[in-house]
Amino acid sequence: MKNLYEIPFYQCVYVKEIHHHTAMKRRLMDLGFTIGSEIMPLMESISKNMRAFQVKGCVIALRKQDAMCIMVEEKRDGSV
């Protein structure tokens, strides 16, 4: 499993776990980062400390330290 910050741009992944303290975990879940949600990294700030992600039809920016707490699994296309 990788964290969300390690995923290359435009690659779809699914949220597996969120390793964050209770209040921030709740905020992330309210923004759409729930278990099983499909996420796609779109762009990165110049300073490389923030990334924008497509989540449930919206674009949400997260700080690097918050994205690193979201564990994801790569999307399987079903091919053998």
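Me: What makes lysine 56 in the turn between strand 4 and strand 5 stand out in its phi?
Reply: Lysine 56 has a positive phi of about 50° there, and the two strands form a hairpin with two residues between them. Most residues other than glycine have a negative phi. By the way, this is a predicted model, where local features need pLDDT of at least 70 and side-chain atom pairs count only at pLDDT 80 or more, while totals for chains, interfaces and linings use all residues. Residues are numbered from 1 along each chain as its sequence is written, and side-chain values use heavy atoms, leaving out hydrogens and water.

Me: How do you know that strand 4 and strand 5 pair?
Reply: Two strands pair if DSSP finds at least two bridges between them. Strand 4 and strand 5 (residues 58–63) are joined by six, so they qualify, and they run antiparallel. For instance, valine 55 has cysteine 58 in strand 5 as its bridge partner.

Me: Why is tyrosine 10 called exposed?
Reply: Exposed means over 50% relative accessible area (buried is under 20%, partly exposed in between; 1.4 Å probe, protein chains only). Tyrosine 10 is at 58%, so it counts as exposed. Tyrosine 10 sits in the loop between strand 1 (2–3) and strand 2 (13–18), with a positive phi near 65°.

Me: Which element has the highest mean pLDDT?
Reply: Strand 4 (residues 50–55), at 97, while helix 1 (residues 22–30) has the lowest, 93. pLDDT is the predictor's confidence in each residue, from 0 to 100. Helices (H or I, at least four residues) and strands (E, at least two) are DSSP runs, numbered from the N terminus. The protein chain's mean pLDDT is 92.
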